[in-house]
Amino acid sequence: MTAPNDATAPTRRTFLALSGATAGLASLGMAAWAQNNVEIDVDAVTNTTHATDVLVIGGGMAGLFAAVKAHDAGAATMIVSKGRLGSSGLTPFGKGFFVFDPATETGTIGDFVAAVSRSALGTNNPVYTRQLAEHSLDRARELTDWGFFDQTLANRPFMRPITERAIPLLERVVITHLIKEDGRIAGAAGFRLDAEETVTIRAKSVILCTGAGGFKPNGFPLGDLTHDGSIMAYQIGAKITGKEWNDGHSTRSTNPAACYDGWGDMFERIPSTNGVEVHHDLGVDINYRAYMTGNPVAGGPGAEQPTDEIAGGPFVPEEFKNRAPPEGGGPGGKGGAPGGPPPGFSPGANVGGASAGMAIHKSEGLVPVDDRCASNIPGLYAAGDALGSHMAGGIYTQIGSSLAGSAVQGAIAGEAAAEYAGLADTPVIPDARIAEIVAEILAPLRREAGYGPAWVTQTLQGIMIPNFVLYIKKGTMMQAALAYVEELRDHHAPMLRAANMHELRLAFETRNMILSAEMKLRASLMRTESRCSHYRLDYPELDDENWRAWINIHQSADGSMQLEKQPFDAWPI
Amino acid sequence: MTIKSINGCIGCEECVKSCPCDVIRMERGKAVIAYPADCQICHLCRMYCPVDAIEMAPEKSIPVIVPWG
């Protein structure tokens, strides 16, 4: 549907009034099964190929540093992003940048790491926590040089180092496949949004800076993040971790989808730095309160958080109790108290789930096999929210660590990938393999009829977003949800239709969200305890005897999803 | 409603590029609201627009699913 220029998009109300709810939804592409009125000539779609040493996928804070550092280490480097550098994913939203400055901090880095570990109940990987603190000041200085802390919009300062280095940048290109040949990474493939064209990129090394993801929830700028990197990596054998954790951001009951109106201050603010400030935030406390006491939750956004005790609920270490949220404790630092009030906006009843389907920053993603952001696939790295580094653990600990962590890990991964590429042979991708991938990419466009991605996404949201599924967890309910998700996986994902390149993107995003939902349910079922942002009514206590471990997920040879424990103090085997 | 209207577009494509959800496309040299159902109401298009051509509204154009009502 295209609205004419200088005209007004139809409101939901006018749609409903004019045509009835069902017809209105169909007009918005919400039809379930329908004929595919394909708008392009699929046989005329061309394939463009590129080659590079290091391919960075994603244009946020991690992608920026990955590209700059890989280039500076001597590797031919290319960035590809389905959006725009600095203007997609959570990067435009993160405005607080944690800096450990030894000149001003009273404690040591060791003290900082210990505080994070106490808050995170051991779920953090202290190697990555320490690395964050050690490198944060250097990254902040570079960002200062590029003008990042002088303005609101990140695209311009991000473009400075990229333009200076003439690093090739492909924007609005959606990557759908990672390519593995002879047991190591060989490149990636996808398609352009603005042309009827598939894209194949041969690369010696790939760094996933693809961010986190959710179920396209309402009230948070996650609409473009669907765990694409994790799912692509999973499909070539990478291990994925942290899927049982939650992020507990809320929104308002009035216009809950309006993320700017709830969190607009985060977009409008000029970025700034902050020092050590360790909390135990953004878990599921408010979800528990709503579950137990009904709704709306007393003291919604704009009001003081309720302080009366309710029995049971998520465990909060004594040291981190009764701490007033900092002036703005949202993701990336200041800008709204955790689980509650977006700053500066009118009060209203609170609704959780603004970030439904997302875990705490950097707790969910590819399993690192070392301290340099390497995955278990040779040549494949990840950084930022795409890497399950557990830098902060399964709860939001250090304020401003999300943005800083992406910068730090992007730089580490960039140097590591460049080093790997310097020793690697140029990969060979057989033509037959490329043809097979291109056919997979274009399949939703070729279907004469199929399920609309928007409808499948809304069905998935209806299964996964309610408070009693992934926030306040119970084995029986998660088993029920898993049955629904398996149905979507087996019977809907293979029959998604797309009429154009926009819908093709939605089709792949929908597929990725379904697989992420399955991972989240299976990991949450396996973790028979409660810890940090994972809370089970049927296993409400911490179980240190059995669960001082992360859960790693991989695809077995028969295609099934396998889960295994990895002890907190160990790297994967 | 999401992104509500574009009036006075100069065709610079800043909004098309800055939209994370591919809501806006170019048609005959001007930006148009192509896929309003996918708007996440983040206002980045409005903030990047050099001539303040974009008006926003807080209502979503499709049903909204939240954990509790």
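This is a predicted model: local features need pLDDT of at least 70, side-chain atom pairs count only at pLDDT 80 or more; totals for chains, interfaces and linings use all residues.
Residues are numbered from 1 along each chain as its sequence is written, with chains lettered from A and ligands numbered from 1 in the order in which they are written.

Of the 573 residues in chain A, 57% are buried, meaning 20 or more other C-beta atoms, placed from the backbone, lie within 10 Å of the residue's own. I'll say "contact" a lot; that's two residues with C-beta atoms, placed from the backbone, within 7 Å. Take the contacts in chain A with a separation of 6 or more: 78% of them join residues 24 or more positions apart.

Now the domains. The assignment, automatic or from a database, gives domain 1 as 25–39 + 445–567 and domain 2 as 45–247 + 356–423. Across the boundary, 34 residues of domain 1 are in contact with 39 of domain 2. Which element gives the most to the domain 1 side? That's H14(A), with 14 residues. By class, this side has 17 nonpolar, 11 polar and 6 charged residues; here Ala, Val, Leu, Ile, Met, Phe, Trp, Tyr, Cys and Pro count as nonpolar, Asp, Glu, Lys and Arg as charged, and the others, Gly among them, as polar.

Next, a helix pair: H2 (residues 61–72) and H9 (residues 401–423) of chain A pack at about 30 degrees, axes 7 Å apart. Axes are lines fitted to C-alpha atoms over the stretch in contact, and angles run from 0 to 180 degrees between N-to-C directions. H2(A) and H9(A) are therefore roughly parallel, the word for angles under 35 degrees. Residues making this contact include Phe65(A) and Val68(A) of H2(A), and Leu403(A) and Ala407(A) of H9(A). By class, the contact has 14 nonpolar, 5 polar and 2 charged residues.

Last, chain B. The contact between chains takes 56 residues from chain A and 40 from chain B. On the chain A side, elements giving two or more residues include H1 (12–27), H8 (285–293) and our friend H14. H7(A) gives the most there, with 5 residues. That side divides into 25 nonpolar, 24 polar and 7 charged.

Definitions and conventions: A residue is buried if 20 or more other C-beta atoms lie within 10 Å of its own, exposed if 12 or fewer, and partly exposed in between; C-beta atoms are placed from the backbone. Helices (H or I, at least four residues) and strands (E, at least two) are DSSP runs, numbered from the N terminus. Angles under 35 degrees count as roughly parallel, over 145 as roughly antiparallel, 65 to 115 as roughly perpendicular and the rest as oblique.
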